[in-house]
Amino acid sequence: MSSKIDRNRIDAQAADDGVATGWRPQAGFIHSVTSPDQLERLNASGGIAVSFATQGRSVHLAFQGSQSETLSVWETQSRTGFITSPMMTAELVTIRFVEAGAMVRINQNGADVIVSPAQALLTSFDVMRREQATPGFLAISATVSRSAVLDACRALFGAETTMLPQFETVVDLDTTGLRAVRSTVTALRQHLSTAAGPIDLMLPLLQEVLLYQLAGSWPMIGTGSSLYIPTATGRAVRQAVDYIEAHLRERIAIRDLAEAAGISVRALQIAFKQQMGCTPINYIIARRLDRVHAQLRLSESETIRQVAASWGFVHMSDFAKRYRERFGHLPSSRHAGD
């Protein structure tokens, strides 16, 4: 892709045209656009935060995902490329992982940002002016609220800050932490692709983990590694474990877990790795799997789905994979090892 940007052309093609601007939560959406008329109807339908414009006569745009009041996750691909512009103002932070093609983002201050494959973008929605995706574009993206990221920073480091740190805008996915952020966004996308009826205890954990991974792993401008992280005692970890055991059937927030232990989220994460050999979320999942395993061995009347759902596992393919990794066999072999 050429780095030369025809800003006048982008502005002309993505100019406001009075289309509907009502953003709304959607449990799931799928859009496939192959004509200018379909693109016009998509823009007029509202429900999303941006409007789309073509880069030429032909158009191919496909995206699918879900969005709530606090989280949106979606995949986008386009054979022809496209241009977007905001249809609303929102206090949102966008995370985008480019898999193929490239995207040029033009901010309100006129700065051009180019994101290529194996790179990721992190930026506030309110500074966006235009985005231009090249032909052959493929990306997975997520948005979270600025306030949620700020809360995660406070919980993670125990700091009473009123402003978001200055995160790097474009980063290479060359660290374990950034690849973990990418993995969690993908897990959320897969998790949200299946509608869940019963209480889903995995989804809130994944959302919270994404925020902490983002705050803890994404490079910041000018901060280095000077943040002080207090050492957690064995007593604090035991208090956290006691809290987990008492609330396994309920939604457990890592932040609440840290408060029960009397330490910051970051200190809790480090202590769990050192003393338990795993992260808090992996410990919670493992203990819930243990309860499912025990219940399946004792009960013949309940189905696997019923037992799994009673412990917060509502996506059966994900549950079966985790179960097999922990016990060495599928849940259908409920008496294996007897």
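This is a short tour of one predicted model, stop by stop.

**Before you start.** Residues are numbered from 1 along each chain as its sequence is written, and side-chain values use heavy atoms, with hydrogens and water left out. In this predicted model, local features need pLDDT of at least 70 and side-chain atom pairs count only at pLDDT 80 or more, while totals for chains, interfaces and linings use all residues.

**Whole chain.** Show the cartoon. The chain has 11 helices and 12 strands (DSSP runs numbered from the N terminus: helices are H or I, at least four residues; strands are E, at least two). Of its 338 residues, 47% count as buried (under 20% relative accessible area, 1.4 Å probe, protein chains only).

Now select 61-67, which is strand 3. Strand 3 and strand 1 pair over 6 bridges. Gln 26 stands opposite Gln 67 in strand 3.

Select Ala 49, Val 50, Phe 52, Trp 74 and Arg 96. Of the 25 residues lining the largest cavity, these are the closest to its centre. On a 1 Å grid over the protein atoms alone, a cavity is a set of points where a 1.4 Å probe fits but cannot get out; lining residues have an atom within 4 Å of a point. The volume is about 370 Å³ (the space filled by probe spheres set on the points, which are joined across faces, edges and corners).

**The pocket.** Last, select Thr 184, Leu 206, Val 209, Gln 213 and Ile 281. They lie nearest the centre of the largest pocket, which 35 residues line. A pocket is an open set with protein on both sides within 12 Å along at least five of seven lines. About 1000 Å³ of space lies here in the largest pocket. Which helix gives the most to its lining? Helix 4, with 9 residues. Select 176-192 to see helix 4.

Technical notes
Two strands pair if DSSP finds at least two bridges between them. Buried means under 20% relative accessible area, exposed over 50%, partly exposed in between (1.4 Å probe, protein chains only).
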